[in-house]
Amino acid sequence: MFKWKSILLHLGLIAGLLLSIFPFYWLLVMATRTTSDIYSFPPKLWFGPHLLDNVSRVLSSIDFFGAFWNTLFVAAACTLLVLFFDSLAGFTFAKFQFPGKKWLFVLLLATMMAPAQLSLVPSFVIMAEFGWVGSYKALIIPGMVNAFGIFWIRQYAQESVPSELLDAGKIDGCGFFRLYWNISLPILRPALSFLAAFTFIGVWNDYLWPLIILNDESKFTLQVALSSLNGIYTTDYSMVIAGTLLAVIPLIVMFLFISKQFISDIAAGAIKS
Amino acid sequence: MDNPLLNHTPVEHKPVPKKSKSQDRLSAQIWKHRKEYLAISPFYILFAIFGLFPIAFSMFLSFQKWDGIGEMTFNGLNNYQFMLTDPEFWRAVGNTLLIWIYSTIPMLFIALVVAFLLNASFVRFRTFFRIGYFLPNVTSLVAVAIVFGTVFSNNYGLLNYILSLFGLNSVEWLNKTWGIQLAISVMVIWRWAGYNAIIYLAGLQSIPTVLYEAAKIDGASGIQSFFKITIPNLRPIILFTVITSTIGGMQIFTEPQVLVGNDGGVSGGGLTIVLYLYREAFVNNYFGYGAAVGWGMFVLIALFSIVNWKMVQGNPSND
């Protein structure tokens with residue numbers, strides 16, 4: 001009885017898992033096929049020999065590596081800045097008392113409710129005023145510090161950075177910045193690595209804002225380049241699919257390395273908020 | 001540097017007009033803590049420039065007629081009037097709500113089931129399953145839309161092949177209102193069911209097992225303890241997922257835009273509110289109107305969140 005229940009449950013979980021994984025498999029299969037294979041009846045469900053051919057057509061149609069580096073640059077810059085500013089502020093909120101602190105923190109939490117789409121048009125106008133349209137500044141600077149990360153670091157710092165350690169540091173003559181940089185930052189590392197992954201994935205996959213801001217093809221991020229590839233080469237679909245595969249692989253590889261910790265942190269973050 | 005922090009840190013919680021002594025003390029306090037203020041200031045400065053100001057500015061813009069290049073002209077409530085009388089806008093609102101319903105209800109249901117299965121004490125390879133279920137969530141929406149485009153393709157897609165196996169005629173999914181909405185919903189479900197399952201699972205695991213043991217001793221059945229222990233304890237988390245999926249659902253853009261383009265497809269069934277906003281503002285260059293649509297959307301999200309909140313809060317089993 002118990003055994004049957006267990007088998008049934010695992011079968012259910014495996015069925016769900018297959019549905020979850022299938023689009024990746026399908027993407028991989030299509031990337032190794034020709035366009036007419038993709039639309040053939042019955043569909044080809046096993047790998048074909050055309051992967052390299054498709055990939056080389058991607059590389060000759062768009063500057064794929066250019067878009068890749070652009071995305072990497074924007075995502076890395078954003079992530080580093082977020083790590084610095086969020087941890088600095090989160091640490092300060094967790095470990096220091098100053099007038100108006102509670103009020104400022106409530107304000108910070110309240111800003112999380114402000115819907116981004118409301119300010120889509122005016123934000124674009126502001127960027128135009130600054131002369132930042134078409135520039136990565138428009139992608140990086142507004143995103144270089146955020147309320148969620150500050151909240152996340154504060155929660156972690158409160159629990160894990162001992163006040164005694166900071167007091168000892170003060171006695172040894174550490175200034176504010178050294179208390180943060182030399183003493184607390186190493187302790188905050190687990191919280192920082194989640195924040196880094198979370199930010200990096202978010203920026204890497206961002207589409208609407210870069211689509212509005214970037215107007216020069218040589219500056220496209222992967223998502224925008226991919227979408228324009230999809231829009232232009234409607235007949236060479238196996239090539240579009242190969243491009244999609246190339247764009248998806250780096251993030252999935254990265255995710256698989258960090259997945260275990262990342263998933264627990266996602267859940268912990270949701271439960272806390 | 002003569003303390004610029006004093007200018008933008010609103011620290012005086014109670015206005016003290018006469019007691020200049022305590023005011024002095026306060027500013028001395030602020031000066032003493034200048035490093036702390038400096039450390040937290042980037043967020044507030046950036047939020048003022050890129051968060052708060054755009055909101056105020058969009059209010060102003062929504063009363064203007066402007067193509068983004070030429071002169072701005074005041075046109076009163078015309079933008080709002082046009083919005084409220086434009087059938088396309090209401091179409092977009094209807095589409096968004098439908099897609100939200102088609103996607104959120106199955107998604108959260110599936111997530112709950114998966115979470116329960118994963119929470120069973122005898123599940124093996126739990127970590128492996130968790131990673132597999134979560135993987136769709138880190139994949140870019142553009143890529144997801146391109147892949148699902150081949151599944152829901154009008155003529156020779158995978159789904160039409162499956163239909164043909166059952167002797168059914170193929171369907172032009174992306175040309176039909178319900179077809180495109182189904183395709184978008186399936187993408188949303190695929191991408192977010194695992195994410196929500198992980199969150200529910202964490203919620204389930206945070207319920208103290210003592211509660212179940214006590215209930216068992218008191219003679220409660222499995223179903224009773226599900227409704228009296230599991231659901232009430234899970235409610236804040238369910239509320240969280242409902243709110244986040246509402247906010248996400250109201251902002252669906254990439255799926256229809258990549259799948260069927262800026263007009264939401266031949267049938268217009270994929271025209272969501274954000275796609276409509278994007279098209280009016282950034283394709284047709286009606287910037288003032290785009291700002292007004294932003295406000296329309298804001299009101300809608302607010303109303304909708306309140307309704308959701310009431311619904312999830314308002315059916316207490318017994319508390």
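This is a predicted model: local features need pLDDT of at least 70, side-chain atom pairs count only at pLDDT 80 or more; totals for chains, interfaces and linings use all residues.
Residues are numbered from 1 along each chain as its sequence is written, chains are lettered from A in the order in which they are written, and side-chain values use heavy atoms, with hydrogens and water left out.

**View 1. The interface of chain B and chain A.** The contact (heavy atoms within 4.5 Å) involves 93 residues of chain A and 86 residues of chain B. Between the two chains about 7700 Å² is buried, 83% of this area coming from carbon and sulfur atoms; buried area is the accessible area (1.4 Å probe) that two parts lose on being put together, summed over both. F43(B), F50(B) and F122(B) provide 9% of the area that chain B buries against chain A, more than any other three residues.

View 2. Helix α3 (residues 34–61) of chain B contributes 18 residues, the most, to the side of chain B that touches chain A. Helices here are DSSP runs (H or I, at least four residues), numbered from the N terminus. That side of chain B comprises 61 nonpolar, 20 polar and five charged residues; Ala, Val, Leu, Ile, Met, Phe, Trp, Tyr, Cys and Pro count as nonpolar, Asp, Glu, Lys and Arg as charged, and the others, Gly among them, as polar. Across the interface, 15 residue pairs are in polar contact (both at pLDDT 80 or more), meaning a pair of N or O atoms within 3.5 Å; within protein, one must be able to donate a hydrogen and the other to accept it, and residues adjacent in sequence count only if both atoms are side-chain atoms.

**View 3. The largest cavity.** A cavity is a set of points, on a 1 Å grid over the protein atoms alone, where a 1.4 Å probe fits but cannot get out, and its lining residues have an atom within 4 Å of a point. The largest cavity holds about 60 Å³ of space. Its lining includes P23(A), F24(A), T139(B) and W190(B), and α7(B) gives the largest share, four residues. The lining has nine nonpolar, two polar and no charged residues.

**View 4. The second largest cavity.** About 40 Å³ of space lies in this second cavity. Among its lining residues are W204(A), N205(A), Q223(A) and S140(B), while α14(A) gives the most, with four residues.

**View 5. A salt bridge in chain A.** The side chains of D53(A) and R57(A) form a salt bridge (3.4 Å, N to O), defined as a side-chain nitrogen of Lys or Arg within 4 Å of a carboxyl oxygen of Asp or Glu. Because D53(A) and R57(A) are four residues apart in helix α3 (residues 51–61) of chain A, about one helical turn separates them.

Key:
Helices (H or I, at least four residues) and strands (E, at least two) are DSSP runs, numbered from the N terminus. On a 1 Å grid over the protein atoms alone, a cavity is a set of points where a 1.4 Å probe fits but cannot get out, and a pocket is an open set with protein on both sides within 12 Å along at least five of seven lines; lining residues have an atom within 4 Å of a point. Grid points are joined across faces, edges and corners, and a volume is the space filled by probe spheres set on the points.
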